[in-house]
Amino acid sequence: MKVALAALMGATIVAAGFTADAPAPVGTGAKRTVTFQDGANGYAGTVDIEIWAVSPNTCLEGNPNASSDADNDGGESQILMRFENVIGDKLGQIPPKSAIHSAKMVVSAFDPGDTVHLHRMLVPWKRTATWASVVAGVTADGLEASKQKDSFTFGKISASSSDIPFEVTDTVQAWANGAPNHGWVFINTGGNGWDFYTSEFEDVKQRPKLVVEFTPPKK
């Protein structure tokens with residue numbers, strides 16, 4: 001399941017803290033690609049938190065890795081993730097009403113486990129979220145998180161650390177259309193944990209990233 005992200009990117013420039021394709025003239029309707037990744041060219045908008053039933057009042061934000069596990073030492077753990085400042089009119093952001101052709105959220109996994117489902121969050125959550133503060137974890141019930149999963153990954157990975165892409169085009173399109181950005185929740189389908197590096201990991205290249213190909217609206 002290892003993917004080469006080079007095919008998603010192309011020639012880049014650095015602007016406003018983001019990595020993006022060299023912008024086409026306004027109004028041309030040309031496709032562009034933008035990548036959001038903490039520590040890359042000044043971007044610092046990733047929020048990723050593990051919440052854990054065994055320690056329901058402990059905020060685990062700041063850990064360099066996180067685990068999605070239905071039975072993590074006797075209690076479920078989930079991961080909340082959000083990329084802030086994605087939609088906007090600044091250079092390097094995705095303008096409102098853009099057409100989203102492709103959006104992939106990529107994490108660097110290092111421990112295989114059971115299949116993980118990615119669901120869009122429907123309610124806001126704080127950077128200090130805990131298992132208790134989101135009321136006994138997140139349920140994909142159409143109220144806290146979407147019943148329909150955005151994407152999923154099989155537990156097995158091909159190496160000790162692999163880039164794992166999650167397809168999130170529909171969600172990013174919803175944000176471009178005006179829906180609020182509350183990010184996602186990773187929910188494991190079994191008791192074999194599935195772990196990846198967070199935005200606090202020391203190697204920037206292995207931090208989560210959101211890669212989006214889009215066409216801005218014509219002016």
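Is Ser133 buried, partly exposed or exposed?

The model is predicted: local features need pLDDT of at least 70, side-chain atom pairs count only at pLDDT 80 or more, and totals for chains, interfaces and linings use all residues. Residues are numbered from 1 along each chain as its sequence is written, and side-chain values use heavy atoms, with hydrogens and water left out.

**View A. Ser133 in its loop.** Ser133 counts as partly exposed because its relative accessibility is 48% (buried is under 20% relative accessible area, exposed over 50%, partly exposed in between; 1.4 Å probe, protein chains only). The loop that holds Ser133 runs between strand 8 (116–121) and strand 9 (145–153). Helices (H or I, at least four residues) and strands (E, at least two) are DSSP runs, numbered from the N terminus. The Ser133 side chain reaches the backbone nitrogen of Thr130 at 2.8 Å. Asn57 is 76 residues away from Ser133 in sequence, yet their C-alpha atoms are 7.5 Å apart.

**View B. Strand 7 and its partners.** Strand 7 (residues 99–111) pairs antiparallel with strand 13 (residues 209–215) over seven bridges. Pairing requires that DSSP finds at least two bridges between two strands. Met105 has Leu210 of strand 13 as its bridge partner. Strand 10 (residues 162–167) also runs antiparallel to strand 7, joined by six bridges. There, Lys104 stands opposite Glu167.

View C. His101 lies in strand 7. With 36% relative accessibility, His101 counts as partly exposed. Beyond its neighbours within four places in sequence, His101 is in contact (heavy atoms within 4.5 Å) with Lys31, Thr169, Glu213, Phe214 and Thr215. The side chains of His101 and Thr215 make a polar contact at 2.6 Å. A polar contact is a pair of N or O atoms within 3.5 Å; within protein, one must be able to donate a hydrogen and the other to accept it, and residues adjacent in sequence count only if both atoms are side-chain atoms.

View D. Most residues other than glycine have a negative phi. Asp73 is not a glycine, but its phi is positive, about 55 degrees. Asp73 sits in the loop between strand 5 (65–72) and strand 6 (75–83). Its relative accessible area is 66%, so Asp73 is exposed. Lys97, also not a glycine, has a positive phi of about 75 degrees. Lys97 is in the loop between strand 6 and strand 7. Lys97 counts as exposed at 56% relative accessibility.
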